[in-house]
Amino acid sequence: MTRRDVMLAAGTLTMAEIVPAAVDAQIAPTAPKSSLPTRFPDKASFFPHDLVYLDSGSQHPVSTGAKAAVDAYLSKRMLDPAAAHYDLPDDSVREKFARLVNADADDIAYVQSTTAGEQMVLRGLGLPKSGGHIVTDTLHFFGSLPLYEEMQRHGVEVTWVEPKDGRILLGDLKQAIRKDTRLVSLSLVSTINGFQHDLKAVCDLAHANGALVYADVIHAAGCVPVDLKGSGVDFAACASYKWLMGDFGLGFVYGTKAARARLARTEYGYYGMSAFKPHIYPFDPPGDMIADYAYADTAEGTFAHGTHAHTVIAQLDHSLDYILGVGVPVIQAHAQDLIGRLKRELPKLGYTLMTPPEATTPLVTCAYENAREKLAPKLAAGKIKMTVGGNRFRVTPSVFNDHTDIDRLLAALGHA
């Protein structure tokens, strides 16, 4: 092990040593400095246990601070007088997420899940009924593959771009996108193997042909730098239970003003209204309609339905402060120190990497036949939790993991 490995394992490597000073200087903390970790791994912010948890890319553990934030909200809901001052940070959480991904808050709306956001975009484009051509790739979220197969079944022409050596090549996308392509849909970071698209290059290519671009950013937001404005992407969505350190039932959908103008309205929700004046209740002014109303010229006005998951908003108020305060480049650098070691050591044990070596995402996947059958007993014996499928396994470390966790994983896996 290098000095860096030893210091990381001992928890003595400071933030300034994890990332270059120039990157560190760009970080603008939003949380009180006293509440932020001074070094990684940050085990103090999470519940202590002897489990080696390497599955944050599936569900990120809830921090003790996030739990305290939920408790504060629930105290208000219990009518606890001590919590009477609590106000739900509804708008400020959207604003914090917008800062995280470099977007305007007016272009962000709450959504139930990533898939819900993706389907809103398709419905707004009139798909599948209006037909046309879509380009997607087979490293997109596996839950979206049936979605685009359904588009095909209902008359939409779908071109599937397949990976080469674990990568979706820009040249292959260029061949697939045509002048009549309506939408390019992809995962910015693939849940399958951690491949990351050059989103700006994809958007430039699509826009040159008149196509819109949708990006699933659930495996990017919070763990790798994301610049929605800079990329030029039209739509994006993500849930919060992975790298945003939130929970199920709430996420975000993004749409630029220009892109939203190309959608037909399919969502009619009270939370999207900018004005509402009824004419049917006692003392209402008379009117020709049951009610006069207008929708906001924002993403909320386009996508919002009804109430949001308030406990998750309370939780994200803390978690987004943590992520913004520490800085995504620092989180990424810590994960890469662990991921880099796995990329070196797993092939030595006979495992086949599916993750491109140059990927800087906190995810490494190996192809391994009958992985669940062979590895489940070993991982259970070693008290290790990670994603294990039928023929592959995936390791996704986060801010609380260290090289001792990697030691335990490698020992448990043994030779393939």
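Is Leu79 buried or exposed? Leu79 is exposed, because its relative accessible area is 73% and the cut-off for exposed is over 50%. The model described here is predicted. In this model the largest nonpolar core has 64 residues, and the largest pocket has a volume of about 450 Å³.

**Nonpolar cores**

- Within the largest nonpolar core of 64 residues, Phe97, Leu100, Val184, Leu244 and Phe252 have the most contacts.
- Helix α13, spanning residues 310–326, gives the most to this core, contributing eight residues.
- Apart from neighbours within four places in sequence, Leu244 is in contact with Phe97, Leu100 and Phe252, among others.
- The contacts of Leu244 also include Ala221, Gly222, Cys238 and Ala239, as well as Leu316, Ser319, Leu320 and Ile323.

**Largest pocket**

- The lining of the largest pocket is made up of 29 residues.
- Phe141, Phe142, Thr191, Lys242 and Arg394 are the lining residues that lie nearest the centre of the largest pocket.
- By class, the lining of the largest pocket has 11 nonpolar, 13 polar and five charged residues.
- At least two lining residues of the largest pocket come from each of α6 (114–124), β14 (387–388) and β15 (392–395).
- Strand β15 supplies the largest share of the lining of the largest pocket, with three residues.

- Helix α6 contains the buried residues Thr114, Gly117, Glu118, Met120, Val121, Leu122 and Gly124.
- The peptide bond between Leu127 and Pro128 is cis, with omega of about 10°.
- Pro128 is placed in the loop between α6 and β3 (133–137).

**Four-stranded open sheet**

- An open sheet of four strands has the order β11-β12-β15-β14, with antiparallel pairing.
- Strands β11 (352–353) and β14 are at the edges of this sheet, and each pairs on one side only.
- Strand β11 runs antiparallel to β12 (residues 364–367) and is joined to β12 by two bridges.
- The residue opposite Leu353 is Cys366 in β12.
- Strands of a sheet pair through backbone hydrogen bonds, in either a parallel or an antiparallel sense.

- Strand β7 (residues 235–239) is mostly covered, with five of its five residues buried.
- On one side of β7, Phe235, Ala237 and Ala239 are buried; on the other, Ala236 and Cys238 are buried.
- In a regular strand, side chains alternate between the two faces of the sheet.
- Strand β6 (residues 212–216) pairs with β7 in the parallel sense, over three bridges.
- Strand β8 (residues 251–255) pairs with β7 in the antiparallel sense, over five bridges.
- Ala237 of β7 stands opposite Asp216, and the bridge partner of Ala237 in β8 is Val253.

- Leu79 has phi near 65°, a positive value in a residue other than glycine.
- Leu79 is found in the loop between α4 (64–77) and α5 (90–100).
- Met245 also has a positive phi, near 60°, and is a residue other than glycine.
- The loop between β7 and β8 holds Met245.
- Met245 is buried, because its relative accessible area is 4% and the cut-off for buried is under 20%.

**Helix α10 and Ser231**

- Ser231 lies in helix α10, which spans residues 228–231.
- With a relative accessibility of 6%, Ser231 counts as buried.
- The C-alpha atoms of Ser231 and Asp198 are separated by 8.5 Å, although these residues are 33 residues apart along the chain.
- Apart from neighbours within four places in sequence, Ser231 is in contact with Leu199, Lys200 and Cys203.

Key. Residues numbered from 1 in each chain as written. Predicted model: local features only at pLDDT ≥ 70, side-chain atom pairs only at ≥ 80, totals over all residues. Heavy atoms only, no water. Core = buried A, V, L, I, M, F, W, Y, C linked by side-chain atoms within 4.5 Å. Buried < 20%, exposed > 50% of the residue type's maximum accessible area, 1.4 Å probe, protein only. Contact = heavy atoms within 4.5 Å. 1 Å grid on protein atoms, 1.4 Å probe; cavity = no way out; pocket = protein on both sides within 12 Å on 5 of 7 lines; lining within 4 Å. Points joined across faces, edges and corners; volume = space filled by probe spheres on them. Nonpolar A, V, L, I, M, F, W, Y, C, P; charged D, E, K, R; others polar. Pairing = 2+ DSSP bridges.
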